[in-house]
Amino acid sequence: MYPAEELKNRSKQFAIRIVKLFRLLPRTEEARIIGRQVLRSGTSIAANYRAVCRSRSKAEFIAKIGIVVEEADETVLWLELLVDTDIIAQKRMTDLLAEANELYLRCFAIHSEK
C-alpha cells in the first residue's frame, strides 16, 4: 500500500474510533462540550487528509496538510482534556491518544518535508 493510502485508511479508522468514543461519553455538560470538539477535530483529520491527496499544486498541498496538522494537534488536546478532567480513565484512552499523536507526528513530518 502506498504511504498516502495508508494514511488515508488510518485517519478514517481514527475518525470511526472518535465517533464511537463520542457515543460513549457521559451525558454531562462538560463531557458533551469537549466531546463535540473532539468529534469535530478528530473526524476532520480524515476529511482534510483526503483533500490533501487531491491537491493540484505544491502550495495547495502545503496549505492543506497544515490544516491536517492543526486538527490532529487540537484532537490530542481534547483527548488529553477528557483524561485530565477525569471524564474518561487514562487506561481507556492510551491507544487512542497514541494514534492521535502518531497521526499528528506523521502529518507534521510530511508538512515539514515540503
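This is a predicted model: local features need pLDDT of at least 70, side-chain atom pairs count only at pLDDT 80 or more; totals for chains, interfaces and linings use all residues.
Helix H1 (residues 3-24) packs against helix H2 (residues 29-53) at an angle of about 165°, and the two axes lie 9 Å apart. Angles over 145 degrees count as roughly antiparallel, and H1 and H2 are therefore roughly antiparallel to each other. The crossing of H1 past H2 is left-handed. On the H1 side, the contact is formed by Ala4, Leu7, Lys8, Ser11, Lys12, Phe14, Ala15, Ile18, Val19 and Phe22. The residues that they meet in H2 include Arg32, Gly35, Val38, Leu39, Ile45, Tyr49 and Cys53. By class, this contact of H1 with H2 comprises 13 nonpolar, four polar and five charged residues.

H1 also packs against helix H4 (90-113), at an angle of about 145° and with the axes 11 Å apart. This crossing of H1 and H4 is likewise left-handed. Glu6, Leu7, Arg10, Ser11, Phe14, Arg17, Ile18, Leu21 and Leu24 of H1 take part in the contact, and among the H4 residues that they meet are Arg92, Met93, Asp95, Leu96, Glu99, Leu103 and Ile110. The contact of H1 with H4 contains 11 nonpolar, one polar and eight charged residues.

The largest pocket has a volume of about 190 Å³. Its lining draws at least two residues from each of H1 and H4. The lining consists of Arg17, Lys20, Leu21, Leu24, Leu25, Pro26, Ile87, Ile88, Arg92, Met93, Asp95 and Leu96. By class, eight residues of this lining are nonpolar and four are charged, with no polar residues.

How values were computed
Residues are numbered from 1 along each chain as its sequence is written. Side-chain values use heavy atoms; hydrogens and water are left out. Axes are lines fitted to C-alpha atoms, for helices over the stretch in contact, and angles run from 0 to 180 degrees between N-to-C directions. Helices (H or I, at least four residues) and strands (E, at least two) are DSSP runs, numbered from the N terminus. Angles under 35 degrees count as roughly parallel, over 145 as roughly antiparallel, 65 to 115 as roughly perpendicular and the rest as oblique. A crossing is left-handed if the near helix is turned anticlockwise from the far one by less than a right angle, and right-handed if clockwise. Contact means heavy atoms within 4.5 Å. Ala, Val, Leu, Ile, Met, Phe, Trp, Tyr, Cys and Pro count as nonpolar, Asp, Glu, Lys and Arg as charged, and the others, Gly among them, as polar. On a 1 Å grid over the protein atoms alone, a cavity is a set of points where a 1.4 Å probe fits but cannot get out, and a pocket is an open set with protein on both sides within 12 Å along at least five of seven lines; lining residues have an atom within 4 Å of a point. Grid points are joined across faces, edges and corners, and a volume is the space filled by probe spheres set on the points.
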